[in-house]
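Please examine the sequence and the three-dimensional structure shown below. The report that follows treats a few selected places in turn.

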Amino acid sequence: MKRFIERIIESLLTVSGGITSVAILLIIIFLFKEGIGLFGSPTVEKGYSLCVHSTNRVSSLTVKEIKRVFDGEITSWETLGGADEEIMPFRFETVFSRYSDEELGENYRLLTDKLGQLIGDHPNIIAFLPQQFVPVDVPGVKVLAEKHVSVADFFGGNEWMPTATPSPLFGVVPLIVGTLIVSIVAILIALPLGLGVAIYLSELAGERTRKWMKPAIELLAGIPSVVYGFFGLVALVPVVQQTLRLPVGETAFTGSLLLAIMALPTIITVAEDAMRNTPRTVREASLALGATNWQTIYKVVIPYSASGISAAVVLGIGRATGETMAVLMVTGNAAVMPRSLFDAVRTIPATIAAELGEAPAGGAHYQALFLLGCILFVITMIVSVSAEMIAKKQQKQQKGQ
Amino acid sequence: MNNHKKRSERIAFMLFRTLGLLVVLILFWILGFIVYHGIGAISWEFLTTGPADGMTSGGIFPAIVGTLCLVAGSILFAFPLGVMSAVYTNEYAGNSWVVRFVRVMTNNLSSIPSIVFGLFGMALFVRALGFGDSILAGSLTLGLLVLPLVIRTTEEALKAVPYSYRTGSLALGATKLQTIRRIILPAALPNITTGLILSIGRISGETAPILFTVAAYFLPKLPNSIFDQVMALPYHLYVIATSGTDVEASRPVAYGTALTLILIVLLMNLLAAFLRKYFGKNVKHN
């Protein structure tokens, strides 16, 4: 009996050993299942269709073309491969100002017929209609072929307008650029600072300084990111705005500064550990050859701990790209292509946090946000695996000596 | 030549000292700024009453209760699982490829950004399992997020138990499970507790995972069951700092909330450091 219970407990332990793998597997399944769904969803807003006159030669339009037609940027059917006629865009909402309630009948019974008539009367019309009111099988009306959001639209598009009608744009390039700018500049700021502090802590500081400074730096890592974001909003944003004389202080640069502060503890601790792992014999050999302390540091200690330092950099980048709340609060949240470092930007995690609450569950916007999550997941996996490989290299190197 | 070497050394060292000082200054700037502005807002009343006048006055009591619920829920989920997982990898699995694989996975899980946990929690717990926006969904999401931390600290605690304890116990005829339950876990308990406290600090500050799984902007009453929504401290700070009815007027409340969050983290860190030191001494005495 006792053995039996032990067996049960032991198998329970075995099962829980796999919990993290199961968690990752589930994350992958749910993230990608929702995300990939975007490529099956129509380019036009869900539940709507585009109709033209049956004599129109155009039979389908790309997302961009639809947007530019309804924004008034394309005005002639010729540009789209049709006749040389002016396009007449028609949005469903305007039907109510065109016809009175009596004309539309009780419960809009006659609405579909009226729309059929309208399209039939105007050969140059393009109408954006809810599917339940689309005049089907009416002579003179042609429904444009439904297209699906393509991989190229998503990864190659440079406009992110997820709530635009009639066709939302899911171009992820501005978000990726924003994320890259903010995190790369953050690392460029944090790296020299962090390395300097790591050198100070491992080589110069006395035992007593180290004893209080390391926990203090670890504490810096423990402060919640939303507090950093709040601090950035009330302290850093005005400082950046005033010193650089910018119209607004919420810029990519502000985000980078804040992220640099947040990434510092990671960089310092990992780099310092790597430097302290340099064997004493190596240091002493260098000093015995007449090198000064400083020469020993930058010609012996730093090259020796190079892989540890690169692991610190990689981990810092990982932390910076995934950071959500702090960046969301200080970068100004404009999902457009930034022209300079001092423009407002929107990073991938910030976009998810800001928009998921408003995106109807299961819709194209919702799926697009999950796809952003997939991108983030893949980036951090690459970062984490490469940090691990670097660390392994370091172990091997140290064993060899 | 010698002079030149000395001079560049002096310049470099001065630079590094300045950098060290700078980082410390940044730390004190952040802490000082929040404490300076927040200390006036915090009072007994602030901690024990609900928000009033569209979040511009009143306290943060419901948010504190919400955060406590979430901490309790996620620890109940993550702590037993994490400890069991660590016991398995450290005591049973040896050094096989299984263990290496599990370690890599644990590392990977810890590197996933918190917003991705939020997405995942929304897809699985809120929608697929139908929990809705609830304490249950939020706690499970936060629990998954903190799982790697629990596993790693427990593993380190188990590794710190001397090998002789194990062989001694086994030599006396105890089974492996008895050894773990009666010898190894009690010996590792202080360090495991330290990990637990650090996890609590981490959970209480996370915002992104609870955005879409549990957090509510304002609730007039406290939660009744695990299927209720709650307010939470970090989310409360986020909304009143960025999108309240009157952002400027609610600044004092925001500073007070930020200070409360920092104090929680500070307290947890100090407690963990104290435990480590206290039990560290005890072990040496033995």
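## Two loop residues with positive phi

In chain A of this predicted model, A:Asn333 is found in the loop that joins α15 (325-330) to α16 (348-355). The phi angle of A:Asn333 is near 55 degrees, which is a positive value in a residue other than glycine. Most residues other than glycine have a negative phi.

A:Arg245 belongs to the loop between α10 (225-244) and α11 of chain A. Is A:Arg245 buried or exposed? Its relative accessible area is 76%, and A:Arg245 is therefore exposed, since the value is over 50%.

## The crossing of α8 and α11 in chain A

Two packed helices are described by the angle between their axes and the distance between the axes. In chain A, helix α8 (residues 173-204) and helix α11 (residues 252-276) have axes that come within 6 Å. At what angle do the axes of these helices cross? The angle is roughly 35 degrees, and the crossing of α8(A) and α11(A) is right-handed. The residues that form the contact of α8(A) with α11(A) comprise 24 nonpolar, four polar and three charged ones.

Helix α8 of chain A also contains A:Leu175. The relative accessibility of A:Leu175 is 0%, so this residue counts as buried. Along the sequence, A:Leu175 and A:Met275 are 100 residues apart, and in space their C-alpha atoms are 36 Å apart.

## Further helices of chain A

Helix α9 of chain A (residues 207-222) has 16 residues. At 1.5 Å a residue it should span 22 Å, and its end C-alpha atoms are 23 Å apart, which agrees with the expectation. Which residues of α9(A) are buried? Among them are A:Arg210 and A:Lys214, as well as A:Met213, A:Ala216, A:Ile217, A:Leu219 and A:Leu220.

Helix α14 of chain A (residues 306-322) includes A:Gly316. A:Gly316 has a relative accessibility of 0% and so counts as buried.

## Cysteines and disulfides

A disulfide is a covalent bond between the sulfur atoms of two cysteines. How many disulfides are there over all chains? The count comes to zero, by the rule that the two sulfur atoms must lie within 2.5 Å.

A:Cys51 is buried, with a relative accessible area of 0%. A:Cys374 has a relative accessible area of 3% and is likewise buried, because this value is under 20%.

## Chain B as a whole

Chain B contains 10 helices and two strands. From the N terminus on, its elements follow the order α-α-β-β-α-α-α-α-α-α-α-α. Taken along the principal axes, the C-alpha atoms of chain B fill a box of roughly 70 × 70 × 35 Å. Chain B has 286 residues, of which 51% count as buried.

Helix α6 of chain B (residues 135-159) is made up of 25 residues. The distance from its first C-alpha to its last is 34 Å, close to the 36 Å expected at 1.5 Å a residue. Where does α6(B) bend? The bend, of about 40 degrees, is at B:Val146, and the proline B:Pro148 follows within four residues. Of the 25 residues of α6(B), 20 are buried, so the helix is largely enclosed by the rest of the structure.

B:Phe131 is placed in the loop between α5 (114-128) and α6 of chain B. B:Phe131 is partly exposed, with a relative accessible area of 22%. B:Phe131 and B:Val214 are 83 residues apart in sequence and 10.0 Å apart in space, C-alpha to C-alpha. B:Thr175 lies in the loop between α7 (163-171) and α8 (176-205) of chain B, and B:Thr175 is partly exposed at a relative accessible area of 30%. From B:Thr175 to B:Ile11 there are 164 residues in sequence and 63 Å in space, C-alpha to C-alpha.

Definitions and conventions. Residues numbered from 1 in each chain as written. Chains lettered and ligands numbered in written order. Predicted model: local features only at pLDDT ≥ 70, side-chain atom pairs only at ≥ 80, totals over all residues. Heavy atoms only, no water. Buried < 20%, exposed > 50% of the residue type's maximum accessible area, 1.4 Å probe, protein only. Axes fitted to C-alpha atoms, helices over the stretch in contact; angles between N-to-C directions. Left-handed = near helix turned anticlockwise from the far one by under 90°. Nonpolar A, V, L, I, M, F, W, Y, C, P; charged D, E, K, R; others polar. Expected span 1.5 Å × (residues − 1). Bend = angle between axes of the 7 residues up to and from the residue.
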